[in-house]
Amino acid sequence: MKLRSTALVNGFRQSAPYVNAHQNKTIVVMLGGEAIADPNFGNIVNDIALLNSLGLRLVLVYGARPQISQNLEKQGFETPYHKGVRVTDSAALEVVKQAAGQLQLDITARLSMSLNNTPMAGAQINVVSGNFVIAQPLGVDEGVDYCHSGRIRRIDIDGIHRQLDQHSIVLLGPVASSVTGECFNLTSEEVATQLAIRLNADKLIGFCSLQGVIGPNGNVLSELFPHQAEEILRQRATAGDENSGTVRFLRGAVAACRSGVPRSHLLSYKVDGSLIQELFSVEGIGTQIVTESAERVRQATIDDIGGILELIRPLEEQGILVRRSREQLEQEIPRFTVIDRDERIIGCAALYPYPDSQTAEMACVAVHPEYRDSDRGTNLLQYIQQQAVQSGIKTIFVLTTRSIHWFREHGFVEADVTALPDAKQELYNLQRRSKVLTLTLNGRVMRLPSR
């Protein structure tokens, strides 16, 4: 019992910074029809209720693609797709409205549940749906009439904010009306993406059957920039996978990030608690797509040597870093990661792997003095961690004389020299007496509460 209690206390303490960071943040959550049909959906609803109780401003967008397809099949209707969008004729529209309306009632009922033996006991959540989204027809494309398939014309942003200010959850589906009084079938991805953009949301969250975006080595990719996500989309298109849930969400996440939404998250709807683990833990559990800026963390090239030398020379002269010659740096440049701001190198770090020991050294960590009052050092560490995880590295170690507390704040623990690989022990400088600190990776990358 004591061990279980300790784990609970440690987990609660760890989550506190993330709880504070997410209060009063606007979050758009996209619930695809596949997620709603999964047995774990009840747990997702409980977690959404928990987020509401913690002060997050929530807009839920639900889809009904599999439910609509199932109902159409039962009634003997066939609806073709054009460019990944269902062509919705008048008969199909009635089925769409029936399926979407049923899901709206079911989700509202689940969010209204308040049984004493459930996580939603005493929640008293107000769920608001309405004509916040006005639609218009997609029209005709390449001779194909989309009929009652539509797109967003406008969104009542002020109306949604008024409901969020009242601590209500706003629930919107894939059917919206037009100014002419007609109904149109929209894609939930477009609704969620446009809501996130126009609400200036802090996050867009979606669900898929896997843990997130899976990399070539089978691990979940913890973080992607939009240009990296676009490359994955191109690869999926080449492979003929253009309409999976992951692909549809990635398209929306890229558009959202390009339009100013700081972070989009892709999680598994099959994993109990994935929403809570992603938002309130150090490592997260899924994939986040983050906004790019004029400042980039990237692999160093031979053209960066001058900038790296300019950055590290003052630290070498102060004895903070071990001196490297230009020739040595040229040989080791593939090991380096840099922060490039307007073509100026303002930060760097290197990763030296010891594959036999499944460990690696993080060395030559430097940030320009003008840019140290930020998270740039942490960004370098995250990038290095991701490199190490993808290379199968289990632990990272550093040797430092001045930055002990910084590394400890970021999860490193002090260790003895004997914790170093044998080859590194032989090179250990007894005169410098550098402190040894290690970080266990566990296959995931640390994330900041500010995310």
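This is a predicted model: local features need pLDDT of at least 70, side-chain atom pairs count only at pLDDT 80 or more; totals for chains, interfaces and linings use all residues.

Residues are numbered from 1 along each chain as its sequence is written, and side-chain values use heavy atoms, with hydrogens and water left out. The pLDDT is the predictor's confidence in each residue, from 0 to 100. Its mean over the chain is 90, and 94% of the residues reach 70 or more. Helices (DSSP runs of H or I, at least four residues) and strands (runs of E, at least two) are numbered from the N terminus. Confidence is lowest in helix α1 (residues 2-22), with a mean of 74, and highest in strand β2 (residues 57-62), at 98.

A nonpolar core is a set of buried Ala, Val, Leu, Ile, Met, Phe, Trp, Tyr and Cys residues joined through side-chain atoms within 4.5 Å. Buried means under 20% relative accessible area, exposed over 50%, and partly exposed in between, with a 1.4 Å probe and protein chains only. The largest such core has 43 residues, and V28, V59, I160, L186 and L195 have the most contacts inside it. Helix α9 (residues 245-258) supplies the largest share of this core, seven residues. Apart from it lies another core, of 39 residues, among them V29, A35, L111 and I205. Contact means heavy atoms within 4.5 Å; leaving aside neighbours within four places in sequence, I160 is in contact with residues including V59, F132 and L195.

Helix α3 (residues 41-53) has 13 residues, and its end C-alpha atoms are 19 Å apart. Among the buried residues of α3 are F41, I44, N46, D47 and L51. Just after α3, G55 takes a positive phi of about 95 degrees.

Strand β18 (residues 336-341) has five of its six residues buried. Two strands pair if DSSP finds at least two bridges between them. Strand β17 (residues 295-299) pairs with β18 in the antiparallel sense over five bridges, and R296 stands opposite D340 in β18. Strand β19 (residues 344-354) also pairs with β18 in the antiparallel sense, over six bridges; there, A350 is the bridge partner of F336.

In strand β20 (residues 359-367) lies T359, which counts as buried because its relative accessibility is 7%. Beyond neighbours within four places in sequence, T359 contacts residues including P353, Y354, I393 and P421.

Key. The expected span of a helix is 1.5 Å times one less than its number of residues.
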